[in-house]
Each structure stands twice: as C-alpha cells, then as structure tokens.
Amino acid sequence: MFVYGCPLRWSDLDAQGHVNNAIVVDYLQEARVAFLREGPASALLDSGVVVVGHQVEYKRPIDYSDEPVTVTLGVSRVGASRIEIAYTLTQDGETAVVARTVLCAFDFTQNRPVRLLPEHRRFFEEHLLDVEPLRPIDAPPLEGRGTASPLVVRWSDLDAYGHVNNALVYDYVQQARITATTSWDPTMARAGTAGSDRLWLVVRQDVDYIAQLPHRIEPYEMRVAPVKLGGSSITLSTEFVDPESGVLFARARTVLVSADLSGRPVDLGERTRALLQERLVD
C-alpha cells in the first residue's frame with residue numbers, strides 16, 4: 001500500500017464548513033500522482049495516461065485541519081492498458097471516503113489506448129490489493145432530456161495535456177446540479193436560504209469520461225435529470241455534451257440524501273417528491 005498525506009486548504013471548504021465533495025477528487029489526484037512518481041510508472045504521466053472513470057463514496061465530512069488527510073491507496077485491478085486504483089481517505093482515524101479510479105495508458109499523438117509496458121505492469125502488480133468492488137450506480141442515457149445549463153470552460157481548467165482536468169468535471173457536476181435542483185424546487189437550495197430547512201448531502205458520485213473536453217470560447221451544455229427517487233435519496237444523472245455536434249464528453253451519477261440540520265436522513269416530503277417526479281427520467 002502507498003500512503004500519502006494530503007494537506008488541506010481553507011479554500012477547500014464549502015458553505016457548510018466541510019471540504020467540498022468536488023475537492024475530494026483533487027485529493028485523489030494528488031495521491032495518485034505521488035504514487036506514480038514513486039516508480040517506473042512515472043513515465044506514464046509524461047507519455048500519456050487518462051482517467052476513464054471515478055467512483056467516490058462519501059462516508060463522513062472532512063473538516064478543516066492543519067493536519068493532512070491520510071490517503072491510502074493500492075491497485076485493485078490491472079488489465080492490458082487499464083489500471084484500477086483503490087483509495088481510502090481517513091481523518092482522525094475514521095474513514096471519510098472510499099474511491100476507485102480507472103486509468104488508461106494513452107497515446108495522444110494517435111489518439112488511442114496503448115498497452116502497458118512490462119516494467120509498468122510489474123510496478124502495478126507489486127501494489128495489488130484485494131478489495132471489494134463498489135456497487136455500480138445505474139442510470140439511463142438522457143438523450144437530450146433534463147434541465148440544460150451552459151458549461152463555460154476556463155483556460156485555468158486545463159491540465160498538462162491541454163484538456164479539462166478530470167477533477168474539474170466534479171466542479172461542473174456540482175454547478176449543474178445546483179442550477180437544476182434549485183430551479184425544480186427552490187427549497188433544495190442551501191439551508192437557510194429560499195425557505196430551505198434541510199441539508200442535501202452527496203453520499204456517492206461517479207463519473208465516466210468518454211471524450212477529452214478541450215477549451216473553447218463557446219459554451220458546452222450540461223443536462224441534469226433525476227433518474228431514481230428513494231425515501232430520503234435522489235439519484236441524478238448529468239451529461240456533458242456539445243450542443244452543436246451532439247458529442248458526449250462525460251456522464252455522471254450523483255446520489256443525494258435529504259437530511260435535517262443535524263445530518264440525519266429525512267423523507268423527501270410530498271412537495272419535493274412531486275416536483276422531482278415530474279422531471280424523472282427512467
């Protein structure tokens with residue numbers, strides 16, 4: 001196992017005073033890069049490696065501290081060109097996040113996956129862990145359905161490969177979700193605003209990266225729709241598309257839980273449930 005201490009920043013906190021769910025993916029990235037830099041697989045960062053997907057399960061909030069968050073990671077699966085990284089984030093001895101990332105060795109000049117080199121494979125196999133897979137979250141394709149909002153890519157959103165960094169997509173998902181849910185039901189806004197008296201907690205968030213998202217001046221489009229309603233939970237699907245060509249860049253699935261101000265789950269309520277039911281894509 002590889003252990004990394006990820007420092008926190010005050011700017012990592014959200015309106016509820018905890019580390020924002022989207023920032024957690026940045027912590028995964030910092031730990032993953034430190035891990036790759038430790039061995040021969042470091043060359044992948046320079047020659048080309050892309051994130052195919054993330055699964056992130058949030059167990060408890062991460063509070064601000066001068067002490068770093070501990071990220072423990074290893075390799076849960078090695079394929080011909082793909083590697084799955086398994087992480088556990090802990091704070092004060094408690095598990096805060098469990099996550100998986102699928103990486104793929106990639107040739108950007110030919111725009112295609114490539115096989116892992118033998119020395120890279122040996123490095124990953126030396127760090128194999130036996131871990132339980134995370135339960136997949138199913139969601140139907142939106143196919144143009146859902147609430148649309150513009151996605152403006154900032155120049156600072158790009159990574160070393162010249163495309164939007166994978167962690168920034170979680171930022172986009174958050175923006176699209178808040179824009180959509182507060183338009184469906186204003187009481188789904190942050191507690192203390194617009195008549196809201198409860199919290200909306202992200203307990204799981206997965207993203208599949210389908211195509212590289214480049215910078216451009218014209219906005220892309222984000223579409224969001226509820227795809228499943230539980231007693232106190234909502235599953236949302238978010239898709240990122242080019243409204244002109246129809247190219248799909250990424251697809252996300254978010255599980256939100258309705259909670260009281262102490263963080264205990266509470267029923268969605270008849271009004272919110274009815275408003276979401278009108279938007280349901282199944």
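Guide: Gladly! A salt bridge is a side-chain nitrogen of Lys or Arg within 4 Å of a carboxyl oxygen of Asp or Glu. This is a predicted model, where local features need pLDDT of at least 70 and side-chain atom pairs count only at pLDDT 80 or more, while totals for chains, interfaces and linings use all residues. Residues are numbered from 1 along each chain as its sequence is written, and side-chain values use heavy atoms, with hydrogens and water left out.

Visitor: How many salt bridges does that rule give here?

Guide: The count is 15. One of them joins Glu57 to Arg204, with 3.4 Å between the closest N and O atoms. Strands are DSSP runs of E, at least two residues long, numbered from the N terminus. In those terms, Glu57 sits in strand β2 (residues 49–58) and Arg204 in strand β8 (residues 199–209), so this pair links distant parts of the chain, 147 residues apart.

Visitor: Which residues are linked with Glu57 and Arg204 in a network?

Guide: Lys59 and Asp206 join Glu57 and Arg204 in a network of salt bridges.

Visitor: Is Arg204 buried or exposed?

Guide: Buried means under 20% relative accessible area, exposed over 50%, and partly exposed in between, using a 1.4 Å probe and protein chains only. Arg204 counts as buried because its relative accessible area is 3%.

Visitor: What does Arg60 pair with?

Guide: Arg60 meets Asp63 in a salt bridge at 3.8 Å, N to O, and Arg60 also bridges to Glu94, where the closest N and O atoms are 3.2 Å apart. Since Arg60 lies in the loop between β2 and β3 (69–78) and Glu94 in strand β5 (residues 94–107), the second pair ties together parts 34 residues apart in sequence. Arg60 is buried at 18%, whereas Asp63 is partly exposed at 34% and Glu94 is partly exposed at 45%.

Visitor: Where does Ile83 lie, and what does Ile83 touch?

Guide: Contact means heavy atoms within 4.5 Å. Ile83 belongs to strand β4 (residues 82–91) and is buried, with a relative accessible area of 1%. Leaving aside residues up to four places away in sequence, Ile83 touches Val75, Arg77, Thr101, Val102, Leu103, Leu116 and Phe124. As for Thr179, 96 residues away along the chain, its C-alpha atom is 34 Å from that of Ile83.

Definitions and conventions. Helix = DSSP H or I, 4+ residues; strand = E, 2+ residues; numbered from the N terminus.
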